[in-house]
Protein chains: 4
Amino acid sequence: MYKSLKEECYEANMELDALGLVIYTFGNVSAVDRKNGVFAIKPSGVPYESLKPEDIVIVDYDNNIVEGDKRPSSDTKTHAYLYKHWEGVGGIAHTHATYSVAWAQAQMDIPVFGTTHADHLTADIPCAPPMHDDLITGNYEHNTGIQILDCFKDKGLDYKEVNMVLLGNHGPFAWGETAAKAVYNSKVLEEVARMAQLTLQINPNAPRLKDSLIKKHYERKHGKDAYYGQGC
Amino acid sequence: MYKSLKEECYEANMELDALGLVIYTFGNVSAVDRKNGVFAIKPSGVPYESLKPEDIVIVDYDNNIVEGDKRPSSDTKTHAYLYKHWEGVGGIAHTHATYSVAWAQAQMDIPVFGTTHADHLTADIPCAPPMHDDLITGNYEHNTGIQILDCFKDKGLDYKEVNMVLLGNHGPFAWGETAAKAVYNSKVLEEVARMAQLTLQINPNAPRLKDSLIKKHYERKHGKDAYYGQGC
Amino acid sequence: MYKSLKEECYEANMELDALGLVIYTFGNVSAVDRKNGVFAIKPSGVPYESLKPEDIVIVDYDNNIVEGDKRPSSDTKTHAYLYKHWEGVGGIAHTHATYSVAWAQAQMDIPVFGTTHADHLTADIPCAPPMHDDLITGNYEHNTGIQILDCFKDKGLDYKEVNMVLLGNHGPFAWGETAAKAVYNSKVLEEVARMAQLTLQINPNAPRLKDSLIKKHYERKHGKDAYYGQGC
Amino acid sequence: MYKSLKEECYEANMELDALGLVIYTFGNVSAVDRKNGVFAIKPSGVPYESLKPEDIVIVDYDNNIVEGDKRPSSDTKTHAYLYKHWEGVGGIAHTHATYSVAWAQAQMDIPVFGTTHADHLTADIPCAPPMHDDLITGNYEHNTGIQILDCFKDKGLDYKEVNMVLLGNHGPFAWGETAAKAVYNSKVLEEVARMAQLTLQINPNAPRLKDSLIKKHYERKHGKDAYYGQGC
């Protein structure tokens with residue numbers, strides 16, 4: 001059972017590695033099966049070079065293991081929380097990619113400096129503040145999910161449009177309609193983070209992209225009047 | 001028809017990818033056929049790994065599709081505008097290469113700091129300012145072409161000598177006598193952008209290259225007394 | 001004799017190269033055999049592409065060559081000193097990896113800025129000060145071992161928890177239960193060093209990770225209540 | 001004739017490319033035959049992927065072509081000048097490697113910040129100032145040789161110990177007993193340049209390496225009491 005779900009999850013995890021977004025086991029991707037209310041996730045601490053599709057673990061939204069011999073990712077509860085509360089999410093990726101982590105450690109949102117960013121989202125990429133101590137010592141990974149949702153509520157963001165977040169002092173989570181799309185968004189985030197860091201090095205007073213250009217580029221690729229791509 | 005034009009365009013697009021100047025679909029190259037008044041361009045949003053020569057779209061200078069089943073690049077109108085007004089241009093490349101974008105986002109010209117730059121052009125690499133809002137909401141990609149020509153007019157630059165430009169907050173366009181040369185110029189721009197960023201990190205007061213050296217290096221490679229290369 | 005020890009040492013040295021942590025011969029790894037009181041180490045100045053398992057040299061804790069035709073690494077006495085005084089160490093790696101060296105040259109500890117760091121150790125990564133002149137002109141590599149132990153004593157650090165150090169103006173040493181683990185720690189150090197450098201570029205006032213998060217992440221992976229990995 | 005000299009030169013040029021020190025044709029290596037008073041050098045503007053041993057050009061110290069159908073590197077006169085005046089030099093390499101160029105464009109010597117640098121040379125890596133205008137408009141490449149020798153005279157440097165230089169606003173030249181050693185020194189220079197740039201980013205007040213450590217590390221690898229390597 002769940003063979004194709006495991007395959008999808010496996011492929012997305014391997015792509016994370018191929019894209020240079022992880023070293024060793026510093027990342028994980030999950031893929032959801034909405035009909036059955038379960039998701040597939042990378043097992044904890046298994047290196048990519050020895051990972052096999054049958055190692056993938058199937059978990060429900062309350063973190064019960066449904067299928068699999070291995071212990072799921074230590075971040076599983078965060079994935080579960082997001083799937084439970086954001087029904088449009090089909091896949092989630094977490095990495096410790098270098099530039100994304102650098103912004104998270106700087107505890108700063110990534111400003112929308114250019115069209116590469118605006119082609120994907122209109123908002124600054126949010127950086128959620130570190131949690132309060134009692135939440136950290138409590139159900140940490142579950143509370144990480146709460147922290148992400150609180151951040152989106154506070155900033156008035158919609159997870160369907162803004163499909164990535166930085167956790168202060170930690171690193172990025174990204175999501176999408178599929179696990180592959182979550183990985184794609186992780187790569188875009190890393191590249192945008194790198195461009196933004198370099199932009200500030202060249203010009204510390206670099207201006208934010210103006211609203212008309214943000215809107216133009218986002219709408220070229222998204223929404224009913226989008227004209228980018230082959231329309232399929 | 002246009003088989004060899006499509007091949008030339010296809011090869012140049014693949015080279016863009018091989019040189020590390022693009023991730024995913026963030027770039028496009030076109031090649032012109034001056035005799036027939038058409039150009040070949042990458043289809044919109046097609047990944048490089050699945051791109052085939054027969055996917056390339058043939059378009060005229062007024063953006064009419066002459067041949068091809070796919071939708072051409074969303075930046076097609078910018079290419080068309082440049083081909084229409086700059087008769088000596090044989091190929092055009094657009095990328096979101098990291099360092100080029102960083103300078104574009106910083107909204108700064110790249111100063112000619114050394115001979116690597118002067119081997120290719122004598123001017124600072126111009127950064128066109130972002131467009132006015134009504135031009136953005138209007139015929140955006142067409143107006144991007146106007147913006148580039150206005151920038152060259154304002155700065156007194158000749159497109160035959162300065163074969164690259166940064167669009168403020170967006171990224172680079174480069175061109176040349178062939179599509180392959182446009183890709184070459186995109187790579188040179190990216191490398192010069194990286195060198196210039198690092199130069200400013202080491203010495204924020206780094207001086208511009210002096211005129212005699214700019215002239216010497218440019219003329220080693222260009223013009224009637226050039227002595228670089230095999231003279232063919 | 002010592003065939004498997006040499007193999008272990010050889011594999012770990014080759015991994016150092018494969019991970020991009022060394023150029024030319026700028027690094028060395030050793031593996032200890034506690035039962036016999038000897039360790040295997042890379043021969044001095046032998047390029048990785050021509051290194052063979054039988055080139056590995058076997059040395060005792062007093063730097064006597066026990067087996068091998070080649071001269072051992074010029075850093076052998078430092079390895080010997082650490083093995084002699086730190087009984088829990090099974091392997092040691094030394095590199096000139098770029099970002100680790102940059103922090104060593106800056107003579108600064110690497111602050112714990114995030115969870116990537118805290119997943120591995122709770123302290124700032126220590127930078128030992130350069131030695132006094134008489135220690136440098138004396139038994140230099142032996143004294144380098146003393147310098148590392150003095151640094152750990154001064155800062156109240158435990159080598160079993162903090163398994164890496166920077167030598168001011170020189171570069172990193174890392175260790176672990178095996179040679180492979182020492183190489184792993186060298187790679188983690190390099191990545192953490194890179195993340196920290198970028199963090200300071202983005203936000204020179206980036207705060208240190210708070211204690212509750214340091215503790216949480218370290219204990220997820222280490223100690224009796226660890227729940228990361230497959231528990232084997 | 002000169003078959004093995006051409007082979008040596010060819011191999012060294014290909015290694016320059018393999019080490020990532022050049023893009024396109026931005027570099028050249030030569031190898032000298034002291035007995036016959038000639039040297040082999042890369043032809044001008046020939047891409048590495050199509051370079052063949054028989055393309056290599058043989059030139060004497062007065063820039064006369066002795067053998068070969070192709071035009072030699074545009075930098076040939078600089079190579080010739082150095083071979084003529086520095087009799088101990090066996091090979092010379094010139095690149096536009098990124099970090100080396102960045103320091104050259106910053107017009108700054110690279111301070112000896114650490115042992116990676118001191119393992120190879122005890123002095124700061126010198127940056128020769130740009131030439132006077134009349135020297136640039138005159139016999140430029142020949143005068144570049146003069147500029148390098150003047151720089152060494154002014155700073156009291158010995159080319160046998162300091163086997164690399166930056167030309168202000170241009171890039172690096174490195175040399176050695178063989179062409180392969182010149183390429184090695186080019187790679188070391190690039191890595192040291194990168195480490196030094198990062199060191200200053202982390203700590204703008206990073207101190208120069210102290211004299212005792214410079215001496216210690218240099219003498220570990222060079223001179224009569226050297227104990228690095230296999231002594232052959």
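**Rotational relations and charged contacts between the chains**

The model is predicted, with local features requiring pLDDT of at least 70 and side-chain atom pairs pLDDT 80 or more, whereas totals for chains, interfaces and linings use all residues. Residues are numbered from 1 along each chain as its sequence is written, chains are lettered from A in the order in which they are written, and side-chain values use heavy atoms, without hydrogens and water.

Chain A is superposed on chain B by a rotation of 90° and 0.0 Å of shift along its axis, with an RMSD of 0.0 Å. This is the relation of a four-fold axis. In chain A, the residue that comes closest to the rotation axis is A:Gln201, at 5.4 Å (C-alpha).

Only 3% of the interface residues of chain A are also interface residues in chain B, so the copies meet through different surfaces; contact here means heavy atoms within 4.5 Å. Likewise, only 3% of the interface residues of chain B are also interface residues in chain D, so these copies meet through different surfaces.

Over all chains, 36 salt bridges are counted, each a side-chain nitrogen of Lys or Arg within 4 Å of a carboxyl oxygen of Asp or Glu. One of them joins the side chains of B:Glu141 and A:Arg220 at 2.6 Å, N to O. This pair crosses between chains, from helix 6 (residues 140–155) of chain B to helix 8 (residues 211–221) of chain A; helices are DSSP runs (H or I) of at least four residues.

Methods. Copies are superposed by least squares on the C-alpha atoms of residues with pLDDT of at least 70 in both. Helices (H or I, at least four residues) and strands (E, at least two) are DSSP runs, numbered from the N terminus.
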